[in-house]
Amino acid sequence: MVMDRTRTLLSNQASAARASRDPLSYLRLTDPQRAWLSVTARLALWRGANQIGKSHGQAADILLAARDTHPYRQVRRRKGPVKLLVVSESWAQMDPLCEKLWELLPKDEIDPKVKYVPGQGIQGFKERVIPFTSGPGKGSVIYLATYQQGAGRIAGSSVHGAYLDEPPPESVYGEIMPRLSKHHGWLRVSMTPTPESPPLGYLKEKVDAYQQGERAGNLFELHTPLSLEALTLRGGLVEAPWKTREELDEIIGSYLEVERGMRVNGDWDPVAVGRWLTNWTDELLDTRLMPSGRVHVGVGIDHGAKAGRQYAALLVCDAAGERVGVLDEVLSDGRTSPQEDAQNVLLMLERNGFRWQDVDYWLGDRAHGGDYWGNEKSNRDLMHAFSKILKLPKYQLQGAGLRLHVPYKRRGSVTRGLRLMNGLARHKQLVVHPRCAGFVEAAKNWDGRMDSPLKDRLDGVRYVIEKFYDRNVLRPAKSPTGHIF
Ligand SMILES: Nc1ncnc2c1ncn2[C@@H]1O[C@H](COP(=O)(O)OP(=O)(O)OP(=O)(O)O)[C@@H](O)[C@H]1O
Ligand SMILES: [Mg+2]
């Protein structure tokens, strides 16, 4: 009797150990994920809401295919190892997928050099790869690449399957298709279209053609809007969605009107709205609510896309992190020199009782279209001017905190930042001094046009608000507006 118990215990331990080595063995999926894994079409698109488990589903499919243990579909024509290609916009963008791959990977079946570094993805080899060295997938290799690495990395030898986890630019799609032809490989694209996605009309055409019966070369589509059912893991003792109705409503409410249909239903196109900051009201101009006393201070500068055009804003955030204020601004029309721009920023600080040393965060960026070097140059010119006016070498300014940081940029950052601002406006956690007429005009009128000078002003303010938020200085109490989708 005692012996039997011990044996059961031991075998339980053994199976627990096996499971921890092979997390795939206790994989649980939602209905849409199972539907996605069951798709038999060679080329398929999963278009759906944000956060419904698309990346998790893709990660499961990749690993099941690599190990040839796919329960839902036959993935290979011939026996033998497979090569799979996983492509995303950038390493940062691919990180959620890498995290899920790592979570589900049977670690004792892959090359021990492979590791996952949070925020930086899968590492271990010069090129990013996951080689399977034992188990059912022995010999299979998963290759990781980004759109930003360019065609060189994506084009290359043939693969049996390719996976994209972001809306792909047409050129990327075009690079991948030839790599599939030799093995008649499969393609799996998962995405939520957003206002900042590259043009996706070409994908929609392929979906439409497939639905009209022209299968060859076109895309089968799985479409999944946000719902509680879509967030429910099946097959366990308790089947409950991982979000409540209230949480869903809060998330849906936090989206900008322009993007809501895309993020909730996976719609192809944004809706045309007038202004993006729909929660703007003149009640935000109530200076009695302006944070004062011990505050965090930030200066956001947008150098504009046109030569000379520049906008700078001074922001303060209260010590509790509940409210942020746009205190002052300077707007130059394009005829000022960096010297004058720098002088104007210093004057703005002075008239509000701040020294340049009081500023906690300096952000400087060119409006869209400015590449990294463009940012560098504009920021360098401005730093040079500060150094001249303040009669201090640059390293001393930097030592005292005057260092212009380029805001963190990736696809989706504009909508993310504006969503954050709109959420703050909704709960009156944003205050604007009425003298900031340039910002007010932009908040009331910017309608999404990327080349509009109004955008420079929203950007200057947005950089600082995002920085406050990312540094946990600003902690909006009520709305989960900061999701990075
Ligand atoms: N089958 C599952 N088992 C356990 N957790 C899951 C499962 N599917 C999804 N999740 C969890 O739900 C969250 C959302 O999943 P995921 O990131 O895959 O969604 P997504 O649709 O790719 O989101 P986004 O639109 O942000 O890219 C993640 O925290 C993920 O780990
Ligand atoms: Mg995802």
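**Pro476.** I started with Pro476 in this predicted model, and Pro476 turns out to be buried, with 23 other C-beta atoms within 10 Å. Buried here requires 20 or more other C-beta atoms within 10 Å of a residue's own, exposed is 12 or fewer, partly exposed is in between, and C-beta atoms are placed from the backbone. Pro476 sits in the segment after helix H15 (453–470). Helices (H or I, at least four residues) and strands (E, at least two) are DSSP runs, numbered from the N terminus. I also looked up Leu420: Pro476 and Leu420 are 56 residues apart in sequence, yet 8.9 Å apart in space, C-alpha to C-alpha.

**Ground rules.** I number residues from 1 along each chain as its sequence is written, with chains lettered from A and ligands numbered from 1 in the order in which they are written. Local features need pLDDT of at least 70 and side-chain atom pairs count only at pLDDT 80 or more, while totals for chains, interfaces and linings use all residues.

**Helix H9.** Next I checked H9 (residues 257–265), where Val258, Glu259, Met262 and Arg263 are buried. Down the axis of H9, the buried residues fall within an arc of 90 degrees, so they line one face of the helix; the arc is that of the directions from the helix axis to the C-beta atoms. Helix H13 (413–426) is included in what covers them. Gly266 follows H9 and has a positive phi, near 75 degrees.

**Cores.** A nonpolar core is a set of buried Ala, Val, Leu, Ile, Met, Phe, Trp, Tyr and Cys residues joined through C-beta atoms within 7 Å. The largest one has 57 residues, and Ala313, Leu315, Phe439, Val464 and Ile465 touch the most other members. This core draws at least three residues from each of domain 1 (20–265) and domain 2 (282–470), bounds that come from an automatic or database domain assignment. Another core, of 48 residues, lies apart from it and includes Leu64, Val159, Tyr163 and Trp186.

**Ligand 1.** I then counted 15 residues around ligand 1, the closest being Asn50, Gly53, Lys54, Ser55 and His56; a residue is near when its C-beta atom, placed from the backbone, lies within 6 Å. Helix H3 (residues 54–67) gives the most to this shell, with three residues.

Conventions:
Contact = placed C-beta atoms within 7 Å.
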